[in-house]
Number of protein chains: 2
Amino acid sequence: MHVKIRNLFEDQPVGETVRVAGWVRTRRDAGGFSFVEVNDGSCLGNLQILADKGLANYDAEVRRLTTGCSVEVEGVIRTSPAKGQAIELQAGAVTVVGWADPETYPLQKKRHSFEFLREMTHLRPRTNALGAVARVRSRLAYAVHAFFQERGFIQVHTPIITTSDCEGAGEMFQVRAMQQAGGAEEFFGRRAGLTVSGQLQAEVYALAMGDVYTFGPTFRAENSNTSRHLAEFWMIEPEMAFCDLAGNMRVAGEMLRYLLNDVLVHCAEDMELFDRFIAQGLIGRLHGVAGQEFAHITYSEAVERLLSCGKAFEFPVQWGIDLQSEHERYLTEEVFRRPLIVTDYPAAIKPFYMRVNDDGKTVAAMDILVPGVGEIIGGSQREERLAVLEKRMLEAGIDLEEYRWYLDLRRYGSVPHAGFGLGFERLVQFVTGMANIREVIPFPRTPGFAPC
Amino acid sequence: MHVKIRNLFEDQPVGETVRVAGWVRTRRDAGGFSFVEVNDGSCLGNLQILADKGLANYDAEVRRLTTGCSVEVEGVIRTSPAKGQAIELQAGAVTVVGWADPETYPLQKKRHSFEFLREMTHLRPRTNALGAVARVRSRLAYAVHAFFQERGFIQVHTPIITTSDCEGAGEMFQVRAMQQAGGAEEFFGRRAGLTVSGQLQAEVYALAMGDVYTFGPTFRAENSNTSRHLAEFWMIEPEMAFCDLAGNMRVAGEMLRYLLNDVLVHCAEDMELFDRFIAQGLIGRLHGVAGQEFAHITYSEAVERLLSCGKAFEFPVQWGIDLQSEHERYLTEEVFRRPLIVTDYPAAIKPFYMRVNDDGKTVAAMDILVPGVGEIIGGSQREERLAVLEKRMLEAGIDLEEYRWYLDLRRYGSVPHAGFGLGFERLVQFVTGMANIREVIPFPRTPGFAPC
């Protein structure tokens, strides 16, 4: 059995014989022996293999090892005399499993740009930074489940293929069976597309199970080539029955702090890489967000602040507009200098399902803004009153008969309920400091780009 | 703050004042008071509310409560004198939150057929059996993550929209932007579809991170209206570097036993419902599977057994055929009477990526069969030798240039690796004993059926 290098670094079993397996990152020769740095993906650090010329295949194979070759090594763990590493492996046998021709292998010892690596998504997890992203992403995903499951939330797999459109038509992908020629019958009997949000269906389960959450892929057929947009991304959407906007804000804040604390503890080594090479000061910033309650103002207060601050914005501010990124970042980064929840947005700029406040003009919506990123969470209390909801839907031009199932939730045992959405890739960007969202998902899908 | 009923049953805080919120399952009146059974989805059991005529709204509201109404109740927990329940709630105040008109509300106190409930997927989680399925499904999903994460596996979100086809064309759904007219440009620059398996892309990450797994939706545009097929379902696919068929079998067995033990402990109440009303003997059967090593024979041995058993099968047996359900069930239910792993299938009936054995005729594949269900897991060691893989792909009519990224994994640092796939809904069917797969996924998608 092979031992994971992560476990060796944790346990430091000096004197023991172990077997490891992984890929060569570098090799350098000294007098009569080679240092071979091997990585197995279990952690950022490489295990240094000391391979001396006494090995049977030293000249024929070990000295020919280059970046990317795969090896199995058996040997004895010993304390390393070198700086920066506690242990190394004195090889008793090095087996070359697979070669990687240095003439054609695209990854070499030098640092490659993320743009260059994006052209080979199938090799980039072999680099330090993208490997670290993969580990942090996996840990964050697990922490999401742990947070909700520890609190008694039921995970619901809402459908990927759907005939409902939560956010308004136009940006949905259409789904058809390959066999369908131009005018053939629809596979599902009607036009179907890829979900843009699991919210509406999550509400079905919240109104039966109480507290639920979804964590699944969502899609936008948007022709946006920016560092913050993907055509396919993962979203976390809790939905809570007997919950109002205040309860929604509380859970969202607790969740964000839980996730940050978890990843800072469990991915310390990877987080140091991001702090050193990707976004200096990152760890301090995340500790800051994780360690304090979030500030809170209403949209109307935010507009007043922006109007009276004397700053010239590119997009002029007035009550009724959607806040722009520059406004959000000014509020969270310069005014409050900490995470900020903005609530009670104008009804006219928000979707039909958000609960109308008593003023008749605003809705019980919330956005959470964080320094350096801007909006990371959006949510609301949902409109639980059948008559109000029907009126809002008609105003939005929605066919009530199509959404009869959704209205039934207000017809039978309706309750106040609330929920929010967290774009998982935005979260991974926030945690890792990666500038481009394409680096925080294994296989990014963007206009014109789906190579495998 | 509301307390979950599940927590009340666990903690039994007799004498304490609590608030609960949920939906009325039934109400019955006695002399001067009502028993109201309330369920909040946190567990199968209802909390019995004792509401007496002293309540201000007793005549006006409490006595009008019917199935499906939502209520908030504040009161004192006391020991119940009634049989079958340890505690009940003496109501100090009952607030009706939402009514459910008994004239039109489709769910009533009587038992409804699953076929009837399927016509209203948005209400069926409010029933005992479908609520129990939701809780068991959620727990199983969490246990899947726990199993792999505890063992150092990295979760990889493989793409949903893909331009590769793992299992062979024809049954894929095609994905296009809604705006695309008949002949317009493809959003991704080429024909794209919904994934049928994350395996090929999971291999990318296994060859960098060692041990990885995927847990995501997969799709088949198959015109199958059976109790075992869905157009959209979730699949668990681990992929392990430096792993052979024996290691693959070991992990698959450990995983299945871990999942069964976990759900038997954490969903005991729900499992009793399935054992009593859905599949008698279920719990005993699952304990049996969870408690023993799996049997193992090769495909060739299986064929010999089937040929010599003297039983007449509908599909005649000879070496080279794909085993049918009747053959599989005979082997696992009548010959071995426990879970059975069949390995080393004929190469001609298995996909290109499975590793060819030294005999040149068979591949290092495995299927796991369980009593009562048949095949639940399929996996293989993958072909890691570039030349052999290219030959197999050409024989299968695959364009090597299209799969250059996949072949690169064998070109650069190739290693033996293996993995398997577990259809999550088949697992939930196996665990709950539900006869039709449409009952174990929240929103089933089948030909002609995607109502929301």
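**Contacts, cores and a barrel**

Mentor: A:K350 touches A:Y345, A:V363, A:A365, A:D367 and A:R392, leaving out residues up to four places away in sequence. Contact means heavy atoms within 4.5 Å.

Trainee: And the ground rules?

Mentor: This is a predicted model: local features need pLDDT of at least 70, side-chain atom pairs count only at pLDDT 80 or more, and totals for chains, interfaces and linings use all residues. Residues are numbered from 1 along each chain as its sequence is written, chains are lettered from A and ligands numbered from 1 in the order written, and side-chain values use heavy atoms, without hydrogens and water.

Trainee: Where does A:K350 lie?

Mentor: In the loop between β13 (340-346) and β14 (362-370) of chain A. Strands are DSSP runs of E, at least two residues, numbered from the N terminus.

Trainee: Does A:K350 count as buried or exposed?

Mentor: Buried, because its relative accessibility is 17%. Buried means under 20% relative accessible area, exposed over 50%, partly exposed in between (1.4 Å probe, protein chains only).

Trainee: New topic. How many residues has the largest nonpolar core?

Mentor: 212. Such a core is a set of buried Ala, Val, Leu, Ile, Met, Phe, Trp, Tyr and Cys residues joined through side-chain atoms within 4.5 Å. B:I377 is among those with the most contacts inside it. Another core, of 54 residues, lies apart and includes B:L340.

Trainee: Which strands close into a barrel in chain B?

Mentor: Five, in the order β1-β2-β3-β5-β4, with mixed pairing. Strands pair if DSSP finds at least two bridges between them. β4 (residues 70-79) and β5 (residues 87-98) of chain B pair antiparallel over 10 bridges.

Definitions and conventions:
Helix = DSSP H or I, 4+ residues; strand = E, 2+ residues; numbered from the N terminus.
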